[in-house]
Amino acid sequence: MVKPCLQVELAGVKLENPLMNASGILGLTSYSLARLAEAGLGALVTKSVGLKPRPGSPNPTVVEVPGGLVNSMGLPNPGLEAFKSEVEEALSKIGKPLFVSVFGFSPGEYGEAVRKLSRLPVAGFELNVSCPHVGGVGEIGGSPEALREAVKGARASTGKPLFVKLSPNLTSFAEAARVAEEAGADGIVATNTVRSMVIDLEAERPLLAGVYGGLSGAALKPVAIRCVYEAYETVKIPVVGCGGIFTWRDAVEYFMAGASAVQVGTAIAYRGLEVFRDILSGLSAYLEAKGLDDLSRLVGVAHKR
Ligand code: RRO
């Protein structure tokens with residue numbers, strides 16, 4: 001059998017394979033984006049950027065827990081204007097579709113941010129409406145009205161694909177996905193991290209300087225798989241899975257739940273950039289062993305019960 005086809009098309013963007021990095025992991029500088037591109041990903045996503053620069057939270061910002069990491073980075077970013085030149089430089093090096101992740105503290109800021117970036121030759125945008133611990137951002141994805149306004153504003157600012165990264169902390173993930181689709185989103189990213197916290201026994205206080213954080217890694221996977229499954233049942237736009245993907249088996253689980261592509265984050269911290277080539281070769285071998293010529297044949301199969 002010829003090698004199985006791993007190419008995917010996401011809202012009209014062609015990816016040579018279904019692997020992306022999760023926003024926030026190695027996506028803040030042109031140097032780190034170039035390193036990611038060399039690791040064999042199909043497309044890249046930047047760290048979330050907003051209208052104004054932010055220093056992020058003081059240390060400690062990350063703590064390891066059984067089953068994952070809890071981070072409270074606090075949206076460190078140089079602000080849109082400074083970030084533009086970083087993105088331009090990255091685009092000259094990477095030769096892969098690049099999505100810029102944007103966040104805002106009000107629905108209107110999403111449209112403004114996307115408009116200010118719209119001249120860049122990027123593949124599209126990921127709207128982060130789901131940071132679980134920076135006050136104001138997650139609330140946008142948590143309110144149907146604010147979510148609708150944010151997505152509509154971004155939609156009016158660009159004709160390029162818009163993905164909306166939703167939170168697993170919502171009462172109804174499916175309902176939020178539906179609102180995002182209705183407002184003009186081209187895809188859903190499922191999911192951001194789970195709001196969480198860790199107490200320092202010696203100091204008798206929250207361990208992270210930002211107090212609350214987001215849980216990522218293996219413990220997030222069943223939660224995010226559930227979100228992908230629910231979104232796949234609800235919307236017609238593609239779903240991108242994100243949460244606890246370390247191996248090809250994890251990726252296959254996401255495809256079966258309904259993801260068309262997947263994002264890898266925490267695993268990079270544990271397994272390095274080789275994790276991407278490992279997952280790709282495992283995926284190819286799996287499809288070949290199953291006699292499947294194209295990855296798309298796996299997408300959503302778990303729904304045929
Ligand atoms: O920067 C962060 O602290 C952060 C963000 Br913006 C996010 O969306 N999710 C997360 O776990 N951390």
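I started at one spot: Val 70 stands opposite Leu 215 in strand S14. Before going on, I noted that this is a predicted model, where local features need pLDDT of at least 70, side-chain atom pairs count only at pLDDT 80 or more, and totals for chains, interfaces and linings use all residues. Residues are numbered from 1 along each chain as its sequence is written, and side-chain values use heavy atoms, with hydrogens and water left out.

Next I looked up how S6 and S14 (residues 213-216) pair: antiparallel, over 3 bridges. Strands here are DSSP runs of E, at least two residues, and helices are runs of H or I, at least four, numbered from the N terminus. Two strands pair if DSSP finds at least two bridges between them.

Then I checked the other partner of S6. Strand S5 (residues 62-65) runs antiparallel to S6, with 4 bridges. Val 65 stands opposite Gly 68. S5 and S6 make a hairpin with 2 residues between them, and Gly 67 in the turn has a positive phi of about 90 degrees.

Which way do the residues of S6 point? Gly 68 and Val 70 go one way, Leu 69 and Asn 71 the other, and all are buried (under 20% relative accessible area, 1.4 Å probe, protein chains only).

Last, I zoomed out. I found 10 helices and 16 strands in the protein, and 57% of its 305 residues are buried. I also looked at contacts (heavy atoms within 4.5 Å): of those with a separation of 6 or more, 71% join residues 24 or more positions apart. The C-alpha trace spans about 55 × 50 × 40 Å along its principal axes.

Technical notes
Buried means under 20% relative accessible area, exposed over 50%, partly exposed in between (1.4 Å probe, protein chains only).
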